[in-house]
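Thanks, everyone; I would like to take a few minutes on one model, moving from the overall fold to a single helix and then to a ligand site. Please have the structure open as I go.

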Amino acid sequence: MILYFSGTGNSKYVADFLADKLQDEIVSLGDMLKNSLPLVAESEKPYVWIAPIYAWRFPCAVDELFRKFDFQGNKTVYFVATMGGDSGNCQKICEKLVSEKGMTFGGFADVIMPDNYFGGFNIKNEQEMVDIVKAAHPTLNKIAETIKSGYELNIRVKSSAGGLKSGLINYGFCKYMLSNMKYTVNENCTGCGKCERLCPVNNIEMLNGKPQFADKCMSCYACIHKCPEKAINLGKKTEGKSRYVCIDYKKENL
Ligand SMILES: Cc1cc2nc3c(=O)[nH]c(=O)nc-3n(C[C@H](O)[C@H](O)[C@H](O)COP(=O)(O)O)c2cc1C
Ligand code: SF4
Ligand code: SF4
């Protein structure tokens, strides 16, 4: 069973790709989070857990889901991270999560996909995005073949100082940055409510036709990238910059 979390579609693209190659079913962890669904699944096939990297590891909310999840049937879990380029020590963290649950670690892979983070990078044009997604296909095929044959998955882009990045720096990101996300909504907002509907942690509420943000943001950036009016900003970090949503695996034929 493929279980995925995705803010802007990269991890969903990877999940759809692997579900297709492995002929396996697919479940959205975002839907489970948003709707407080029971965290339980049953599968005869191994589990494949897919999520983006935020500050050199999986989002805290996704790790928390994993800890609470009741995996019935098969006891092996594979992990696939989508990222701009560096997953730090995420592999080791996943190994620990699995052993705490008494399950079997099937392995870890990280895949370079378009970077949806605004810190320093500007989002590139559509053709460059498609090229990055296309370039991920050989890695995705390798991941599918490894899982199919039951071998241990170990496909990594080199990373240095992973302990520091996924440890202390990630801790600072979660403790100080997440709770201090200063969202603004400009006059282009039409009050359509899309941001409220898609926030996976219900951090947005429409009040008098305008979105209000609470303090439990997990920084998936879905609201910023998917607002049809580009009305949501994080100050200068995002103002005037283009937005990104991954192409749909089921619609495009790369
Ligand atoms: C808050 C935030 C932090 C990020 N940190 C990292 C990082 O540490 N390393 C990295 O390679 N990519 C990082 N990224 C980029 C995403 O991991 C990457 O674009 C991912 O594929 C997005 O997946 P999604 O479209 O499924 O949400 C970050 C993105 C966000 C929004
Ligand atoms: S998605 Fe954009 S336009 Fe729609 S309510 Fe939210 S901020 Fe306003
Ligand atoms: S407020 Fe926006 S960035 Fe934060 S979790 Fe919700 S959709 Fe994601």
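Helices here are DSSP runs of H or I of at least four residues, numbered from the N terminus, and with that in mind, just after α5 comes Gly150, which takes a positive phi of about 80°. Keep in mind throughout that this is a predicted model.

Stepping back, the protein has 8 helices and 12 strands. Its radius of gyration is 18 Å, close to the 18 Å that the globule rule gives for 254 residues, so the protein is as compact as a globular protein of that length. Along the principal axes, the C-alpha atoms fill a box of roughly 55 × 35 × 35 Å, and 38% of the 254 residues count as buried.

Now back to α5, which covers residues 126–149: at 1.5 Å a residue its 24 residues should span 34 Å, and the end C-alpha atoms are 35 Å apart, which agrees.

Which residues of α5 are buried? They are Val133, Ala136, Leu140, Ile143 and Ile147. In general, an α-helix has 3.6 residues a turn, so residues three or four places apart point the same way. The buried residues of α5 pack against α1 (10–22) and against the strands β4 (47–52), β6 (76–83), β7 (104–112) and β8 (153–155).

Finally, ligand 2 is surrounded by 14 residues, the closest being Cys189, Cys192, Lys194, Cys195 and Cys227; that shell divides into 9 nonpolar, 3 polar and 2 charged residues.

Definitions and conventions. Residues are numbered from 1 along each chain as its sequence is written. Chains are lettered from A and ligands numbered from 1 in the order in which they are written. This is a predicted model: local features need pLDDT of at least 70, side-chain atom pairs count only at pLDDT 80 or more; totals for chains, interfaces and linings use all residues. A residue is near a molecule or strand if its C-beta atom, placed from the backbone, lies within 6 Å of it. Ala, Val, Leu, Ile, Met, Phe, Trp, Tyr, Cys and Pro count as nonpolar, Asp, Glu, Lys and Arg as charged, and the others, Gly among them, as polar. Helices (H or I, at least four residues) and strands (E, at least two) are DSSP runs, numbered from the N terminus. The expected span of a helix is 1.5 Å times one less than its number of residues. A residue is buried if 20 or more other C-beta atoms lie within 10 Å of its own, exposed if 12 or fewer, and partly exposed in between; C-beta atoms are placed from the backbone. Two residues are in contact if their C-beta atoms, placed from the backbone, lie within 7 Å. The radius of gyration is taken over C-alpha atoms; the globule rule is 2.2 Å times the number of residues to the power 0.38.
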